[in-house]
Amino acid sequence: MPDDPRNRELSSPQERYDARLQRRSSTLLQRRVVEQERASIDEALDQILTDESIAQAAARIVAARRRFIVGSAKSFSYASLLAFDLGVGLSQVTLIDGTVVRGVDVLADVRSNDLMVAFSFRRYRRDTVEIAQRFVEAGGELVAITDFEDAPLAKLADQCIYVATGSASYVDSPTVVASVLHVLATLTTASAKGARRRLVERDRLNTELGLYVN
């Protein structure tokens with residue numbers, strides 16, 4: 001589900017701010033943003049029902065021995081969300097955070113049954129593209145979550161999930177991205193062996209350790 005090419009006309013947040021936010025009342029701006037988000041999510045959910053790429057990506061993630069999740073800047077938030085949700089039901093899920101787990105550490109030991117999920121939306125961060133490219137060159141499998149068919153990761157990936165991020169705001173929208181990640185994590189966990197056992201054990205440990213307010 002590639003994004004609308006018209007959303008590419010204003011490539012930077014500053015350009016989108018000048019075009020969309022200046023000299024507009026708060027009431028009008030709020031209405032425009034909400035209407036755009038509502039239209040985007042309605043269209044995206046309809047497309048998810050007919051788009052096979054999410055289910056195909058889920059199958060690849062389940063089949064992998066080790067799963068690495070990467071994203072930079074704003075996309076790091078998406079990577080963190082997916083890594084957390086996948087880690088609840090699957091083993092060997094690692095978020096590349098650049099501190100505890102660095103890209104170079106992962107690239108130094110890539111195996112043929114390793115898989116990387118890489119997030120890359122405009123403006124495309126060079127570090128994510130380079131890590132993903134070297135991971136593929138080392139023999140790993142790549143699932144890319146991106147916005148356009150000619151995005152840097154699209155030509156590298158074994159599987160692409162295209163997400164529309166158009167918005168009436170100065171920043172691209174995270175709404176559809178979050179919805180796609182929710183579906184992807186659900187499909188992956190539902191078909192992963194041992195997921196229920198891990199969920200039960202996590203619940204037991206959460207209770208014993210008193211991690212949550214009752």
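Alanine 73 sits in the loop that runs between β1 and α4. Its phi is positive, at about 55 degrees, although alanine 73 is not a glycine. Most residues other than glycine have a negative phi, and most peptide bonds are trans. This is a predicted model.

**Backbone**

- Glutamine 92 also has a positive phi of about 55 degrees, and glutamine 92 is not a glycine.
- The loop between α4 and β2 (93-95) holds glutamine 92.
- Glutamine 92 is partly exposed, because its relative accessible area is 42%.
- A cis peptide bond leads from arginine 122 to arginine 123, with omega near -10 degrees.
- Arginine 123 belongs to the loop between β3 and α6.

**Aromatic pairs**

- A pair of aromatic rings is described by the distance of the centres and the angle of the planes.
- The whole structure contains 3 aromatic pairs.
- One of them joins phenylalanine 68 and phenylalanine 135 edge-to-face, at 6.2 Å centre to centre and 70 degrees between the planes.
- Phenylalanine 68 is in strand β1 (residues 66-71) and phenylalanine 135 is in helix α6 (residues 126-137), so this pair ties together parts 67 residues apart in sequence.
- Phenylalanine 68 is buried, with a relative accessible area of 7%.
- Phenylalanine 135 is buried too, at 0% relative accessibility.
- Tyrosine 78 and phenylalanine 121 form another edge-to-face pair, with 5.7 Å centre to centre and 85 degrees between the planes.
- This pair links distant parts of the chain, 43 residues apart: tyrosine 78 is in helix α4 (residues 74-89), and phenylalanine 121 is in the loop between β3 (114-120) and α6.
- Both tyrosine 78 and phenylalanine 121 are buried.
- Tyr78, Phe119 and Phe121 make up a cluster linked by ring pairs.

**Nonpolar cores**

- In soluble globular proteins, nonpolar side chains tend to be buried together.
- The largest nonpolar core here has 31 residues, and Val117, Phe119, Ile145 and Leu184 touch the most other members.
- At least two residues of this core come from each of α2 (26-50), α3, α4, β3, β4 (141-146) and α7 (175-190).
- Helix α7 gives the most to this core, with 6 residues.
- Beyond its neighbours within four places in sequence, leucine 184 is in contact with Ile54, Ala57, Ala58, Ile61, Leu82, Ile145 and Ile161.
- Another core, of 19 residues, lies apart from the largest one. Its members include Val106, Val110, Ile131 and Tyr162.

**Helix α3**

- Helix α3 covers residues 53-63, and serine 53 is part of it.
- The relative accessible area of serine 53 is 9%, under the 20% cut-off, so serine 53 counts as buried.
- Serine 53 touches Gln159, Cys160 and Ile161, leaving out residues up to four places away in sequence.
- Buried residues in α3 include Ser53, Ile54, Ala57, Ala58 and Ile61.
- They cover an arc of only 135 degrees around the axis, which means that they lie on the same side of α3.
- An α-helix has 3.6 residues a turn, so residues three or four places apart point the same way.

Terms used: Residues numbered from 1 in each chain as written. Predicted model: local features only at pLDDT ≥ 70, side-chain atom pairs only at ≥ 80, totals over all residues. Heavy atoms only, no water. Helix = DSSP H or I, 4+ residues; strand = E, 2+ residues; numbered from the N terminus. Buried < 20%, exposed > 50% of the residue type's maximum accessible area, 1.4 Å probe, protein only. Contact = heavy atoms within 4.5 Å. Phe/Tyr/Trp six-rings, centres within 6.5 Å; stacked < 30°, edge-to-face > 60°. Core = buried A, V, L, I, M, F, W, Y, C linked by side-chain atoms within 4.5 Å. Arc of directions from axis to C-beta.
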